[in-house]
Structure formats: structure tokens, C-alpha cells
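Please walk through the fold and the pocket of the chain shown here.

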Amino acid sequence: MSKKEPQKPDPDFLDQASRKQTGLVSEMIGFLRANKKWWLAPILVAILLLGLLVVLGGTAAAPFIYTLF
């Protein structure tokens with residue numbers, strides 16, 4: 001049996017690995033730009049606002065939030 005030589009890493013993979021990592025928000029914005037899915041932006045904003053409301057509902061700001069509704 002002959003031994004297989006180790007494969008050399010793909011140069012594109014090494015290029016991608018050496019880049020600075022991006023955050024979740026910039027990754028999402030890049031996805032929206034690249035795929036032209038701008039209709040997702042209002043949905044994401046609404047989900048973020050609901051999440052913020054849930055988080056603030058468990059803090060001392062809750063009585064002030066409940067008076068808005």
C-alpha cells in the first residue's frame with residue numbers, strides 16, 4: 001500500500017482564515033447586501049425591538065414600559 005501525501009490547504013481557505021472576524025450585525029448586513037434580501041430588514045428590526053422589550057420587562061424599567069401599553 002502506498003501512503004497518501006497530506007493535502008495542502010487551499011489558498012482561498014487560508015485567505016479567508018487570515019481575515020479579521022466580523023460581528024453578527026455586520027455579517028447580517030453583508031448578507032442582506034449580497035443577496036438583495038432587503039425585505040428581511042423590517043422583520044429583523046421588529047424581532048430586535050421585541051427582544052429588547054422582553055429584556056427590559058425583567059428590569060426596574062418594567063413599570064414604565066407597562067404604562068405605554
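**Burial, fold and pocket**

Of the 69 residues in the chain, 6% count as buried, where buried means under 20% relative accessible area with a 1.4 Å probe and protein chains only. This is a predicted model, in which local features need pLDDT of at least 70 and side-chain atom pairs count only at pLDDT 80 or more, while totals for chains, interfaces and linings use all residues. Residues are numbered from 1 along each chain as its sequence is written, and side-chain values use heavy atoms, with hydrogens and water left out.

The chain has four helices and zero strands, in the order α-α-α-α along the sequence. Helices (H or I, at least four residues) and strands (E, at least two) are DSSP runs numbered from the N terminus. The chain is more spread out than a compact globule, because its radius of gyration is 23 Å, well over the 11 Å that the globule rule gives for 69 residues. That radius is taken over C-alpha atoms, and the rule is 2.2 Å times the number of residues to the power 0.38. Along the principal axes, the C-alpha atoms fill a box of roughly 75 × 30 × 25 Å.

The largest pocket holds about 250 Å³ of space. A pocket is an open set of points on a 1 Å grid over the protein atoms alone, where a 1.4 Å probe fits, with protein on both sides within 12 Å along at least five of seven lines; lining residues have an atom within 4 Å of a point. The volume is the space filled by probe spheres set on the points, which are joined across faces, edges and corners. α2 (24-35) and α3 (40-57) each supply at least two lining residues; the lining includes Leu24, Met28, Leu44 and Leu48.

Note on methods: Buried means under 20% relative accessible area, exposed over 50%, partly exposed in between (1.4 Å probe, protein chains only).
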